[in-house]
Amino acid sequence: MRAVEIQEYGGPEVLRVVEAEVPAPGPGQVSIDVAYTGVNFADLKARADGYRVPALPFVPGLEVSGRVRALGAGVTGLAVGQEVAALTQGGAYADVVVADAVTVFPLPPGVDLRTGATLPTVLPTAYALIHTVGRLQPGETVLVQGAAGGVGTVLGQLASAAGAGAVYGVVSSAAKAEYARGHGYDEVFITSSTAPSFTKEVREATDGRGVDLALDPVGGETLRASLDSLAPFGRLVSFGNASGAQPWQVGQPDLYPLALSVSGFSILTLAQTSPTELRTLTERAFQTVVDGVVSLPVTAEFALPDAAEAHRLMGTRTSTGKLLLRTHDTDRATELA
(Lines give C-alpha, C1' and ligand atoms only; values in the text may rest on other atoms or scores of the structure.)
Protein backbone atom coordinates (compact mmCIF):
# COMPACT_ATOMS: atom_id res chain seq x y z
CA MET A 1 0.00 0.00 0.00
CA ARG A 2 0.96 3.66 -0.27
CA ALA A 3 1.73 5.87 2.70
CA VAL A 4 2.97 9.45 2.99
CA GLU A 5 5.89 9.44 5.38
CA ILE A 6 8.02 11.94 7.28
CA GLN A 7 11.64 10.78 7.41
CA GLU A 8 13.02 14.11 8.60
CA TYR A 9 11.50 17.34 9.89
CA GLY A 10 11.12 20.32 7.58
CA GLY A 11 8.87 21.91 4.98
CA PRO A 12 6.18 20.22 2.87
CA GLU A 13 8.88 18.74 0.63
CA VAL A 14 9.82 16.21 3.35
CA LEU A 15 6.51 14.38 2.83
CA ARG A 16 7.38 11.32 0.74
CA VAL A 17 5.16 8.64 -0.79
CA VAL A 18 6.47 5.19 0.13
CA GLU A 19 5.36 1.58 -0.22
CA ALA A 20 4.47 0.08 3.15
CA GLU A 21 3.03 -3.12 4.53
CA VAL A 22 -0.70 -3.17 5.13
CA PRO A 23 -1.18 -2.90 8.92
CA ALA A 24 -3.22 -5.51 10.76
CA PRO A 25 -5.39 -4.59 13.74
CA GLY A 26 -4.40 -5.76 17.18
CA PRO A 27 -6.80 -6.54 20.04
CA GLY A 28 -9.39 -3.79 20.39
CA GLN A 29 -8.42 -2.25 17.07
CA VAL A 30 -9.90 -1.88 13.58
CA SER A 31 -8.19 -1.52 10.22
CA ILE A 32 -9.84 0.79 7.71
CA ASP A 33 -9.58 1.07 3.93
CA VAL A 34 -9.24 4.84 3.75
CA ALA A 35 -11.41 6.87 1.40
CA TYR A 36 -10.56 10.38 2.61
CA THR A 37 -8.17 11.84 5.17
CA GLY A 38 -8.65 15.19 6.89
CA VAL A 39 -5.72 17.61 6.87
CA ASN A 40 -5.17 19.43 10.15
CA PHE A 41 -2.76 22.07 11.43
CA ALA A 42 -1.46 19.45 13.85
CA ASP A 43 -0.19 17.53 10.81
CA LEU A 44 1.88 20.55 9.78
CA LYS A 45 3.31 20.83 13.30
CA ALA A 46 4.17 17.14 13.25
CA ARG A 47 6.01 17.54 9.95
CA ALA A 48 7.86 20.70 10.93
CA ASP A 49 8.44 20.33 14.67
CA GLY A 50 7.77 16.71 15.64
CA TYR A 51 4.49 17.51 17.41
CA ARG A 52 3.16 14.22 18.84
CA VAL A 53 5.66 12.23 16.77
CA PRO A 54 7.02 9.31 18.83
CA ALA A 55 9.80 8.47 16.34
CA LEU A 56 10.83 8.80 12.70
CA PRO A 57 9.88 7.66 10.14
CA PHE A 58 6.28 8.69 10.85
CA VAL A 59 3.05 8.72 8.84
CA PRO A 60 0.92 11.73 9.86
CA GLY A 61 -2.86 12.05 9.82
CA LEU A 62 -5.42 12.11 12.61
CA GLU A 63 -8.79 11.49 10.98
CA VAL A 64 -10.20 9.39 8.16
CA SER A 65 -13.33 8.06 6.58
CA GLY A 66 -13.55 4.71 4.87
CA ARG A 67 -14.74 1.14 5.19
CA VAL A 68 -13.83 -1.34 7.90
CA ARG A 69 -11.26 -3.78 6.50
CA ALA A 70 -10.69 -6.09 9.46
CA LEU A 71 -11.55 -6.35 13.16
CA GLY A 72 -9.09 -7.12 15.91
CA ALA A 73 -9.82 -9.52 18.74
CA GLY A 74 -12.56 -8.40 21.08
CA VAL A 75 -14.08 -5.76 18.83
CA THR A 76 -17.87 -5.69 18.77
CA GLY A 77 -20.45 -3.32 17.31
CA LEU A 78 -18.62 -2.89 13.99
CA ALA A 79 -18.63 -5.01 10.81
CA VAL A 80 -16.28 -5.53 7.88
CA GLY A 81 -17.35 -3.27 5.01
CA GLN A 82 -19.14 -0.79 7.27
CA GLU A 83 -18.65 2.90 6.45
CA VAL A 84 -17.01 4.71 9.34
CA ALA A 85 -15.13 7.81 10.42
CA ALA A 86 -12.22 7.46 12.80
CA LEU A 87 -9.87 9.45 14.98
CA THR A 88 -6.33 8.04 14.87
CA GLN A 89 -3.04 8.65 16.63
CA GLY A 90 -1.24 9.07 13.32
CA GLY A 91 -0.94 6.92 10.23
CA ALA A 92 -3.92 8.32 8.34
CA TYR A 93 -1.98 9.52 5.27
CA ALA A 94 -2.17 6.00 3.83
CA ASP A 95 -4.33 3.54 1.94
CA VAL A 96 -5.03 1.58 5.14
CA VAL A 97 -4.89 2.76 8.74
CA VAL A 98 -5.39 1.11 12.13
CA ALA A 99 -7.41 2.82 14.86
CA ASP A 100 -8.62 1.91 18.33
CA ALA A 101 -12.19 0.67 18.02
CA VAL A 102 -13.37 3.12 20.67
CA THR A 103 -12.49 6.01 18.32
CA VAL A 104 -14.13 4.45 15.24
CA PHE A 105 -17.64 5.77 14.59
CA PRO A 106 -20.24 4.39 12.17
CA LEU A 107 -21.30 7.11 9.75
CA PRO A 108 -24.85 8.28 10.47
CA PRO A 109 -27.49 7.73 7.76
CA GLY A 110 -27.21 10.35 5.03
CA VAL A 111 -23.56 11.21 5.78
CA ASP A 112 -21.29 10.16 2.91
CA LEU A 113 -17.61 9.26 3.11
CA ARG A 114 -16.41 12.65 1.89
CA THR A 115 -18.38 14.48 4.55
CA GLY A 116 -17.42 11.86 7.12
CA ALA A 117 -13.73 12.71 6.83
CA THR A 118 -14.40 16.29 7.93
CA LEU A 119 -15.96 15.22 11.23
CA PRO A 120 -13.71 13.28 13.66
CA THR A 121 -11.48 16.11 14.98
CA VAL A 122 -13.32 19.29 14.04
CA LEU A 123 -16.90 18.56 15.00
CA PRO A 124 -16.39 17.08 18.50
CA THR A 125 -13.88 19.83 19.27
CA ALA A 126 -16.33 22.56 18.29
CA TYR A 127 -19.22 20.88 20.09
CA ALA A 128 -17.19 20.56 23.29
CA LEU A 129 -16.04 24.18 23.13
CA ILE A 130 -19.59 25.47 22.84
CA HIS A 131 -21.56 23.04 24.99
CA THR A 132 -19.37 20.91 27.26
CA VAL A 133 -16.42 23.11 28.23
CA GLY A 134 -17.67 26.57 27.22
CA ARG A 135 -21.21 25.96 28.54
CA LEU A 136 -22.69 28.66 26.34
CA GLN A 137 -26.09 29.93 27.47
CA PRO A 138 -28.75 31.58 25.27
CA GLY A 139 -28.14 35.29 24.92
CA GLU A 140 -24.42 35.13 25.75
CA THR A 141 -21.76 36.49 23.41
CA VAL A 142 -18.90 34.50 21.88
CA LEU A 143 -15.49 35.45 20.47
CA VAL A 144 -13.68 32.94 18.21
CA GLN A 145 -10.11 33.14 16.97
CA GLY A 146 -9.51 31.57 13.55
CA ALA A 147 -13.15 31.96 12.60
CA ALA A 148 -12.64 30.87 8.97
CA GLY A 149 -10.80 27.61 9.72
CA GLY A 150 -12.36 24.19 10.09
CA VAL A 151 -13.17 24.44 13.79
CA GLY A 152 -14.06 28.12 13.46
CA THR A 153 -16.53 27.38 10.67
CA VAL A 154 -18.40 24.93 12.89
CA LEU A 155 -18.15 27.09 16.02
CA GLY A 156 -19.99 29.96 14.34
CA GLN A 157 -22.86 27.70 13.34
CA LEU A 158 -23.10 25.91 16.69
CA ALA A 159 -23.01 29.16 18.68
CA SER A 160 -25.70 30.69 16.52
CA ALA A 161 -27.88 27.57 16.81
CA ALA A 162 -27.40 27.61 20.60
CA GLY A 163 -28.98 31.07 20.77
CA ALA A 164 -25.88 33.21 21.27
CA GLY A 165 -26.63 36.91 21.60
CA ALA A 166 -23.83 37.67 19.15
CA VAL A 167 -20.99 35.66 17.61
CA TYR A 168 -17.76 37.54 16.90
CA GLY A 169 -14.86 36.15 14.88
CA VAL A 170 -11.22 37.11 14.37
CA VAL A 171 -9.49 36.39 11.04
CA SER A 172 -6.44 37.55 9.12
CA SER A 173 -7.93 38.80 5.84
CA ALA A 174 -10.99 40.37 4.25
CA ALA A 175 -11.65 37.20 2.23
CA LYS A 176 -11.72 35.13 5.39
CA ALA A 177 -14.02 37.66 7.05
CA GLU A 178 -16.51 37.35 4.19
CA TYR A 179 -16.38 33.56 4.45
CA ALA A 180 -16.94 33.62 8.24
CA ARG A 181 -19.97 35.89 7.95
CA GLY A 182 -21.61 33.15 5.90
CA HIS A 183 -21.16 30.63 8.71
CA GLY A 184 -22.86 32.10 11.76
CA TYR A 185 -20.75 35.15 12.62
CA ASP A 186 -22.44 38.48 13.26
CA GLU A 187 -19.26 40.55 13.12
CA VAL A 188 -15.69 39.68 12.14
CA PHE A 189 -12.52 41.56 13.10
CA ILE A 190 -9.46 41.48 10.85
CA THR A 191 -6.00 41.40 12.41
CA SER A 192 -2.54 41.39 10.88
CA SER A 193 1.10 41.38 11.95
CA THR A 194 1.02 45.19 11.90
CA ALA A 195 -2.34 45.45 13.68
CA PRO A 196 -2.66 42.33 15.85
CA SER A 197 -5.01 43.69 18.50
CA PHE A 198 -8.74 42.99 18.58
CA THR A 199 -9.57 43.83 22.21
CA LYS A 200 -10.57 47.41 21.45
CA GLU A 201 -12.90 46.29 18.65
CA VAL A 202 -14.51 43.69 20.92
CA ARG A 203 -15.14 46.27 23.63
CA GLU A 204 -16.65 48.68 21.13
CA ALA A 205 -18.91 45.99 19.66
CA THR A 206 -20.17 45.02 23.12
CA ASP A 207 -20.61 48.58 24.46
CA GLY A 208 -17.59 48.11 26.71
CA ARG A 209 -18.81 44.95 28.42
CA GLY A 210 -16.74 42.27 26.67
CA VAL A 211 -17.78 38.75 25.69
CA ASP A 212 -19.04 35.91 27.85
CA LEU A 213 -17.05 33.18 26.11
CA ALA A 214 -13.74 33.41 24.23
CA LEU A 215 -12.33 30.43 22.30
CA ASP A 216 -8.66 30.50 21.40
CA PRO A 217 -6.47 28.05 19.38
CA VAL A 218 -3.60 30.51 18.89
CA GLY A 219 -1.99 30.96 22.31
CA GLY A 220 0.66 33.50 23.26
CA GLU A 221 -0.31 37.15 23.17
CA THR A 222 -3.55 36.30 21.36
CA LEU A 223 -4.64 34.20 24.31
CA ARG A 224 -3.81 37.05 26.65
CA ALA A 225 -5.85 39.45 24.50
CA SER A 226 -8.76 36.99 24.54
CA LEU A 227 -8.65 37.03 28.35
CA ASP A 228 -8.66 40.83 28.28
CA SER A 229 -11.77 40.72 26.08
CA LEU A 230 -13.95 38.94 28.63
CA ALA A 231 -16.99 40.34 30.40
CA PRO A 232 -17.61 39.82 34.13
CA PHE A 233 -17.93 36.06 34.84
CA GLY A 234 -16.49 35.39 31.38
CA ARG A 235 -14.88 32.08 30.35
CA LEU A 236 -11.81 31.56 28.21
CA VAL A 237 -11.11 28.17 26.64
CA SER A 238 -7.69 27.44 25.13
CA PHE A 239 -7.74 24.64 22.54
CA GLY A 240 -4.39 24.98 20.82
CA ASN A 241 -1.13 26.86 20.52
CA ALA A 242 -0.79 27.57 16.81
CA SER A 243 1.51 30.50 17.56
CA GLY A 244 4.11 28.19 19.06
CA ALA A 245 4.58 30.69 21.89
CA GLN A 246 5.72 29.61 25.34
CA PRO A 247 2.73 28.92 27.60
CA TRP A 248 1.98 31.61 30.13
CA GLN A 249 0.36 31.25 33.52
CA VAL A 250 -2.75 33.00 34.70
CA GLY A 251 -3.33 33.57 38.40
CA GLN A 252 -5.54 35.15 41.00
CA PRO A 253 -4.71 38.78 40.11
CA ASP A 254 -5.95 38.12 36.56
CA LEU A 255 -9.12 36.27 37.53
CA TYR A 256 -10.39 37.82 40.75
CA PRO A 257 -11.42 41.32 39.57
CA LEU A 258 -14.08 40.11 37.09
CA ALA A 259 -14.53 36.54 38.39
CA LEU A 260 -13.11 35.05 35.20
CA SER A 261 -12.34 31.40 34.50
CA VAL A 262 -9.88 29.71 32.15
CA SER A 263 -10.02 26.13 30.89
CA GLY A 264 -8.55 23.99 28.11
CA PHE A 265 -9.52 21.30 25.66
CA SER A 266 -7.62 18.84 23.45
CA ILE A 267 -9.50 16.14 21.58
CA LEU A 268 -6.29 14.15 21.04
CA THR A 269 -5.57 14.11 24.76
CA LEU A 270 -9.17 13.24 25.60
CA ALA A 271 -8.96 10.29 23.20
CA GLN A 272 -6.10 8.92 25.30
CA THR A 273 -7.33 9.78 28.79
CA SER A 274 -11.09 9.27 28.50
CA PRO A 275 -12.14 7.59 25.24
CA THR A 276 -15.59 6.77 26.60
CA GLU A 277 -16.31 10.46 27.21
CA LEU A 278 -14.96 11.21 23.73
CA ARG A 279 -17.33 8.68 22.22
CA THR A 280 -20.37 10.22 23.94
CA LEU A 281 -19.25 13.69 22.87
CA THR A 282 -18.68 12.59 19.26
CA GLU A 283 -22.05 10.90 18.93
CA ARG A 284 -23.78 14.08 20.10
CA ALA A 285 -21.67 16.18 17.75
CA PHE A 286 -22.34 13.98 14.72
CA GLN A 287 -26.06 14.34 15.32
CA THR A 288 -25.81 18.07 14.59
CA VAL A 289 -24.80 17.19 11.02
CA VAL A 290 -27.69 14.75 10.66
CA ASP A 291 -30.07 17.42 11.97
CA GLY A 292 -28.74 19.98 9.49
CA VAL A 293 -27.46 22.32 12.21
CA VAL A 294 -23.87 22.22 10.94
CA SER A 295 -22.11 21.85 7.62
CA LEU A 296 -18.38 22.06 6.99
CA PRO A 297 -17.45 22.93 3.39
CA VAL A 298 -14.58 21.04 1.79
CA THR A 299 -12.75 23.91 0.13
CA ALA A 300 -9.83 21.92 -1.35
CA GLU A 301 -9.21 18.26 -2.10
CA PHE A 302 -5.90 16.62 -3.06
CA ALA A 303 -4.89 13.13 -4.14
CA LEU A 304 -2.89 11.28 -1.49
CA PRO A 305 0.47 11.69 -3.32
CA ASP A 306 -0.15 15.46 -3.35
CA ALA A 307 -0.19 15.79 0.44
CA ALA A 308 2.70 18.27 0.24
CA GLU A 309 0.51 20.63 -1.80
CA ALA A 310 -2.20 20.43 0.84
CA HIS A 311 0.39 21.35 3.48
CA ARG A 312 1.63 24.25 1.39
CA LEU A 313 -1.89 25.63 1.06
CA MET A 314 -2.69 25.30 4.75
CA GLY A 315 0.69 26.79 5.61
CA THR A 316 -0.11 30.00 3.76
CA ARG A 317 -2.91 30.66 6.30
CA THR A 318 -5.18 31.63 3.38
CA SER A 319 -7.32 28.48 3.33
CA THR A 320 -10.83 28.30 4.74
CA GLY A 321 -13.09 25.41 5.71
CA LYS A 322 -11.71 21.89 5.46
CA LEU A 323 -8.92 20.37 3.35
CA LEU A 324 -9.01 16.67 2.44
CA LEU A 325 -6.76 14.04 0.91
CA ARG A 326 -8.55 11.66 -1.45
CA THR A 327 -6.96 8.27 -0.95
CA HIS A 328 -8.64 6.00 -3.52
CA ASP A 329 -11.95 5.07 -5.04
CA THR A 330 -14.00 3.39 -2.34
CA ASP A 331 -14.98 0.50 -4.61
CA ARG A 332 -11.27 -0.41 -4.82
CA ALA A 333 -10.85 -0.51 -1.07
CA THR A 334 -10.93 -4.28 -0.65
CA GLU A 335 -8.55 -4.82 -3.60
CA LEU A 336 -5.53 -3.29 -1.84
CA ALA A 337 -2.66 -5.72 -1.33
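Please keep in mind that the model is predicted. The mean pLDDT of the protein is 93, with 96% of its residues at 70 or more. Over residues 330-337, however, the pLDDT is below 50, and beyond near neighbours in sequence this stretch has 16 contacts in the model.

I turn now to strand 8, residues 141-145. Of its 5 residues, 5 are buried, so the strand is largely enclosed by the rest of the structure. In a regular strand, side chains alternate between the two faces of the sheet. Here both faces are covered: Thr141, Leu143 and Gln145 are buried on one side, and Val142 and Val144 are buried on the other.

Which strands pair with strand 8? One is strand 9, residues 166-171, which pairs with strand 8 in the parallel sense over 5 bridges; glutamine 145 stands opposite valine 170 there. In strand 11, leucine 213 is the bridge partner of valine 142.

Next, the backbone. Aspartate 207 sits in the loop between helix 6 and strand 11. Although not a glycine, aspartate 207 has a positive phi of about 55°, and this residue is exposed, with a relative accessible area of 77%. Phenylalanine 233, in strand 12, has a positive phi of about 70° and is exposed at 62% relative accessible area.

Finally, the peptide bond from leucine 56 to proline 57 is cis, with omega near -5°. Proline 57 belongs to the loop between helix 1 and strand 4.

Note on methods. Residues numbered from 1 in each chain as written. Predicted model: local features only at pLDDT ≥ 70, side-chain atom pairs only at ≥ 80, totals over all residues. Heavy atoms only, no water. pLDDT = per-residue confidence, 0-100. Contact = heavy atoms within 4.5 Å. Buried < 20%, exposed > 50% of the residue type's maximum accessible area, 1.4 Å probe, protein only. Helix = DSSP H or I, 4+ residues; strand = E, 2+ residues; numbered from the N terminus. Pairing = 2+ DSSP bridges.
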